[in-house]
Amino acid sequence: MNRDESELRVGALDYLGAQLGPHAPAELGAASFFDASVLEGEGRVAVFPFEASPGGGERGAYYVVIGQTEPNYYPRWTLTAEEQFRVHLGTRFMLVVGIAQASAAETGAYDPRADVERMAGQAAPGAAVEDVSVAAMFRAGEEMHAVCRCRIGGEDVYALTRDAPPGFYRRCELPPHVVYRLHLGTLLERERGEDEA
C-alpha cells in the first residue's frame with residue numbers, strides 16, 4: 001500500500017468514525033482511485049467499500065468517497081466503485097449549483113407522457129410506451145429535471161425528461177434520486193473527456 005492510499009484510508013476511517021461513532025467500520029476494502037478534477041477545486045479521490053450498521057441498525061454495504069473532495073458515504077446499492085464515483089460527482093454538482101428536489105405541486109403538475117413518447121420515438125421507434133409516471137423531479141435554476149419510470153417495448157426503464165439532459169437507464173433497482181445523480185456524474189465525466197480530447 002502506498003503512502004497516498006494509506007493516508008486516504010486513515011482519513012476515511014476518521015471521517016466514518018466521526019459520522020457513525022461506535023457503529024463505524026474498523027476496516028475498509030480495496031481502494032479505487034478517480035480524478036475528480038471535473039469540478040473546480042476538487043481532485044483525486046478514493047472510493048473504499050465497507051460494511052457497517054449505522055445507528056446500530058441492520059448491517060449493510062456502503063462506499064466512502066474521500067480525497068480532494070467533500071467526503072461522503074453512500075449505500076452501495078448495486079453500484080460498482082466507478083458508478084459510485086459518478087454518483088458522488090452528481091451529488092457534488094447538485095450541491096455546488098443548488099439543484100434541489102421540486103415541490104409536490106411542481107411534480108404533480110407535470111404530465112411526462114408526451115416527453116417520454118418523443119424520446120422513445122427517437123431511440124426506439126415503434127416501441128410501445130406504457131405506465132409513465134414521475135418518480136422524482138428536481139429544480140435546477142429555472143429548469144425542471146424529471147426522472148420518470150416507464151415501460152418501453154415491454155422493458156422497465158427510467159427516462160430523464162423535461163429540461164434534463166435526456167437519457168434512459170435500465171437500472172430500475174436503484175432509487176430515482178440515485179439514477180439522477182449517476183446521470184449527472186456520467187455527463188460530467190463525458191464532458192471532461194471531450195475537453196481533454
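**Reading salt bridges in a predicted model**

Me: Glu117 is partly exposed, its relative accessible area being 37%. With which residue does Glu117 form a salt bridge?

Reply: Side chains of opposite charge can pair when their charged atoms come close. In this predicted model, the partner of Glu117 is Arg113, and the closest N and O atoms are 2.9 Å apart. Arg113 is likewise partly exposed, at 32%.

Me: Where do Glu117 and Arg113 lie?

Reply: An α-helix has 3.6 residues a turn, so residues three or four places apart point the same way. Here both residues belong to helix H4 (residues 113-123), with a separation of four residues, about one turn of the helix.

Me: How many salt bridges does the structure hold, and which parts does the pair Asp4 and Arg44 tie together?

Reply: There are twelve salt bridges. In one of them, Asp4 pairs with Arg44, with 2.3 Å between the closest N and O atoms. Asp4 lies in helix H1 (residues 3-20) and Arg44 in strand S2 (residues 44-52), so this pair joins parts 40 residues apart in sequence. Asp4 is partly exposed at 32%, and Arg44 is partly exposed at 41%.

Me: Are Arg171 and Glu83 buried or exposed?

Reply: Both are buried. They form a salt bridge whose closest N and O atoms are 2.8 Å apart. Arg171 is in the loop between strand S9 (167-169) and helix H5 (176-196), whereas Glu83 is in helix H2, 88 residues apart. Glu83 and Arg171 also belong to a salt-bridge network with Glu173.

Me: What span does helix H2 reach?

Reply: H2 (residues 81-97) has 17 residues and reaches 24 Å from its first C-alpha to its last, close to the 24 Å expected. Gly98, with a positive phi near 80°, follows H2.

Terms used:
Residues are numbered from 1 along each chain as its sequence is written. This is a predicted model: local features need pLDDT of at least 70, side-chain atom pairs count only at pLDDT 80 or more; totals for chains, interfaces and linings use all residues. Side-chain values use heavy atoms; hydrogens and water are left out. Helices (H or I, at least four residues) and strands (E, at least two) are DSSP runs, numbered from the N terminus. The expected span of a helix is 1.5 Å times one less than its number of residues. A salt bridge is a side-chain nitrogen of Lys or Arg within 4 Å of a carboxyl oxygen of Asp or Glu. Buried means under 20% relative accessible area, exposed over 50%, partly exposed in between (1.4 Å probe, protein chains only).
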